[in-house]
Amino acid sequence: MAKLTLADLRKMREEKQKALDMRDSSNKDVQVVVGMGTCGIAAGAKDTFTALINTLSEKGLTNVLVRQTGCMGLCHSEPTVEVVVPGMPTVIYGHVDAATAKDIVDKHIVGHELIEGKILDKPSIDIVKNA
Amino acid sequence: MAYESYVLVCGGTACCSGGADKIIEAFANELEAAGLKEKVQVVATGCLGFCEQGPIVKILPQGTFYVQVKAEDVKEIVAEHLVKGRVVQRLCYDPEQAKKLVAEANIPFYQKQYRIVLRNCGVIDPEKIEDYIARDGYKAIEKVLFEMTPEQVVDEMLKSGLRGRGGAGFPTGMKWKFAQQQPKGQKYMVCNADEGDPGAYMDRSTLEGDPHSILEAMTIAGYAIGASKGFIYIRAEYPLAIHRLEVAIAQAHELGLLGDDILGSGFSFDIELRFGAGAFVCGEETALLQSIEGNRGMPKPRPPFPAVKGLWGRPTVINNVETLANIPVIINKGADWFSKIGTATTKGTKVFALTGKVNNSGLIEVPMGTTLREIIFDIGGGIRGGHKFKAAQTGGPSGGIIPEQFLDTPIDYESLAKIGSIMGSGGLIVMDETDCVVDIAKFYLDFTVDESCGKCAPCRIGGRKLLNYLKKITDGRGTEQDIKDMEAICDAMNKASLCGLGQTASNPVKSTLRYFMDEYMEHIHDKKCRSGKCSKLIQYKIDPAKCKGCTMCARKCPAGAISGTVKNPHVIDQTKCIKCGACESTCKFGAISHG
């Protein structure tokens, strides 16, 4: 990639902002975000991540994007996984082991059903969006 | 088939004891009756955190948040909310403001957390610079390089009231100003990522979750003070944070956001990583600089302060990770915005690593002025296992232990100092009645004695002496004179030590002596530890009425301390007993107990 000028940076921000916002709108594909800070990884987030990827490829679901992120702050419930499915509320699951990861794909993404007992809540408001 | 709505019923322990099961059952019945079974899914969730107002029911996608719901209310929620789409005002958190307060984001409880430092953690992919840029990343750099002079940047920092989050709380703008005022020439910007407190992991999480915010902040600081070179001093025990920083630096280089002539502004800045081997004293700024230069990490007397004479004798600013993470936001949103958050003397937020005997351990960020009670009981969800709160420890080995009577103190640098603790880097360890304060003080002293660099006598010898006294007391050999000696040593270490490590190492002892003298006295006079933590003070006893003389305990005892004949009550020889507890767990009749 070439070095950015000021105009390039602004353009890039605008484009990427749209891409991030799309996570909330309904015509965008499914996104699964796995919390992969040290706390998440220590609690088995790598297994969760692998299980998600494997289950998705078994099912041939190509519309799902699996991303990683840092610590969400819910260290007591790691590994945590945020699932964004169009037409469904965005949900954070806690204690997601490989079996729950499979459930997320089978039940939540395919079946549009929430999974019992694993849902948590975002710890706080978003200061960037609420500017 | 897709559901139209979702009913989330909190299935945490507290809400379950409040009847969450019955609520779920009631929803199932009511939805069936209303013919909505196919359209609404009912699920039990993990604890939603607001236990005080439980049981909690949340309806998605609207995000309506009902509190103190009873099974009898379910019929109304189904009929009104799910069938007719009208919010049941009387069940909302604050009925008077129900119209506004329907979504959880509007409830003050959830506003207790306010994320400036952690704004991107858990939101962006830390290994993608595009994600950071999309969330206003590198926007502050634009503003600083093209619209502001270095003096204006420093003024903005001064105006914001930001103070160093590494623990001492020195105003960041002042530090920058000192360095800026030094004659032109080579200057350095250093990020202190040597997070050493046991139980603290906010810097680690910030670097792992949002590395670019630190790079951006360091570049801003470099521009403000006239430095072209930055170092991040990070401990080698943080491999993931190091990896993500390396990725971030490479990406910023590729896009020209680091390196020569950033964004065509003419300003050049570069950042290198330096790894620490994990010595606690290297978190002290002068020792840290020694370590970067390749010397043994030992503090130097100040003045001269690093801002005047730092790395290789050049003016150097050292800021902690959390301090830096605030800076891009302050530039973007303005000092006025930032200075409205927090207390009179301490602006902004503080990240705490909430650990110990608390239900929701985790990484939290709250405005300064939040009370310990709000942090521990509202956000942390109270004490684990239904135990009783005993004390909270802030500031790691340099901090103090805060007893229950100060739970309602609004937290800032000054208020914590007043009650004998410090803000520190933000470790917050919660203790319950099963923790022994003397044992805790011993734990921290053990740590600081290990980590003392040995350069000055008060810290090297004083720490060792304190630890020996604490060991003596927890072994049941303490005297009242020991307490007096300890107080004198604490005072001497505090006044005469060279650096922050020694000056504050006695804080855990001082604060426990101040608030828990009765427990010290119990250890000394009654030879008793009420929590049972001090194993040498435990006595195992056999109740002759319950003992059947089965000989099991005598056979299990590794020290041969139990004697007795078959079918007759056994006795333990206290002088031989090594307090291992094997007898108690072996006894089938519950005849052996300890106290």
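Trainee: What share of chain A is buried, and what makes a residue count as buried?
Mentor: Buried residues account for 49% of the 131 residues in chain A. The word applies if 20 or more other C-beta atoms lie within 10 Å of a residue's own, while 12 or fewer make it exposed and anything in between partly exposed, with C-beta atoms placed from the backbone. In chain B, buried residues make up 55% of the 595 residues. Please keep in mind that this is a predicted model: local features need pLDDT of at least 70, side-chain atom pairs count only at pLDDT 80 or more, and totals for chains, interfaces and linings use all residues. Residues are numbered from 1 along each chain as its sequence is written, and chains are lettered from A and ligands numbered from 1 in the order in which they are written.

Trainee: How many helices and strands does chain A have, and what makes a stretch a helix or a strand?
Mentor: Chain A has four helices and five strands. Read from the N terminus, the elements of chain A run α-β-α-α-β-β-β-α-β. Chain B comes to 24 helices and 17 strands.

Trainee: Why is C583(B) called buried?
Mentor: C583(B) has 25 C-beta neighbours inside 10 Å, so it counts as buried. Its place is helix α24 (residues 582-586) of chain B.

Trainee: Which residues is C583(B) in contact with, leaving aside its neighbours within four places in sequence?
Mentor: They are Y540(B), C553(B), K556(B), C557(B), I562(B) and I592(B). Two residues are in contact if their C-beta atoms, placed from the backbone, lie within 7 Å.

Trainee: Why is D136(B) called partly exposed?
Mentor: D136(B) has 19 C-beta neighbours inside 10 Å, and therefore counts as partly exposed. This residue sits in the loop between α5 and α6 of chain B. D136(B) also has a positive phi of about 65 degrees, although it is not a glycine.

Trainee: And why does D261(B) count as exposed?
Mentor: D261(B) has 11 C-beta neighbours inside 10 Å, so it counts as exposed. D261(B) lies in the loop between α11 and β7 (270-276) of chain B, and its phi is positive too, at about 50 degrees, although it is not a glycine.

Trainee: How do you know that helix α15 (residues 372-379) of chain B is largely enclosed by the rest of the structure?
Mentor: Six of the eight residues of α15(B) are buried, so the helix is largely enclosed. Those residues are L372(B), E374(B), I375(B), I376(B), D378(B) and I379(B). After α15(B) comes G381(B), with a positive phi near 75 degrees.

Trainee: What makes a group of residues a nonpolar core, and how many residues has the largest one?
Mentor: A nonpolar core is a set of buried Ala, Val, Leu, Ile, Met, Phe, Trp, Tyr and Cys residues joined through C-beta atoms within 7 Å. The largest has 206 residues, and those with the most contacts inside it are Y93(A), V9(B), V57(B) and I220(B). Helix α10 (residues 211-225) of chain B gives the most to this core, nine residues. Apart from it lies another core, of 13 residues, C583(B) and I562(B) among them.

Trainee: How many residues of chain B are in contact with chain A?
Mentor: 55 residues of chain B are in contact with 44 residues of chain A. On the side of chain B, 28 are nonpolar, 15 polar and twelve charged. Here Ala, Val, Leu, Ile, Met, Phe, Trp, Tyr, Cys and Pro count as nonpolar, Asp, Glu, Lys and Arg as charged, and the others, Gly among them, as polar.

Trainee: At what angle do α9(B) and α11(B) pack, and what makes their crossing left-handed?
Mentor: The angle is about 35 degrees, and the axes are 8 Å apart. Axes are lines fitted to C-alpha atoms, for helices over the stretch in contact, and angles run from 0 to 180 degrees between N-to-C directions. A crossing is left-handed if the near helix is turned anticlockwise from the far one by less than a right angle, and right-handed if clockwise. α9(B) passes α11(B) in the left-handed way.

Trainee: Which residues meet there?
Mentor: R204(B), L207(B) and E208(B) in α9(B) meet L240(B), A241(B), R244(B) and L245(B) in α11(B). By class, the contact has four nonpolar, no polar and three charged residues.

Notes:
Helices (H or I, at least four residues) and strands (E, at least two) are DSSP runs, numbered from the N terminus.
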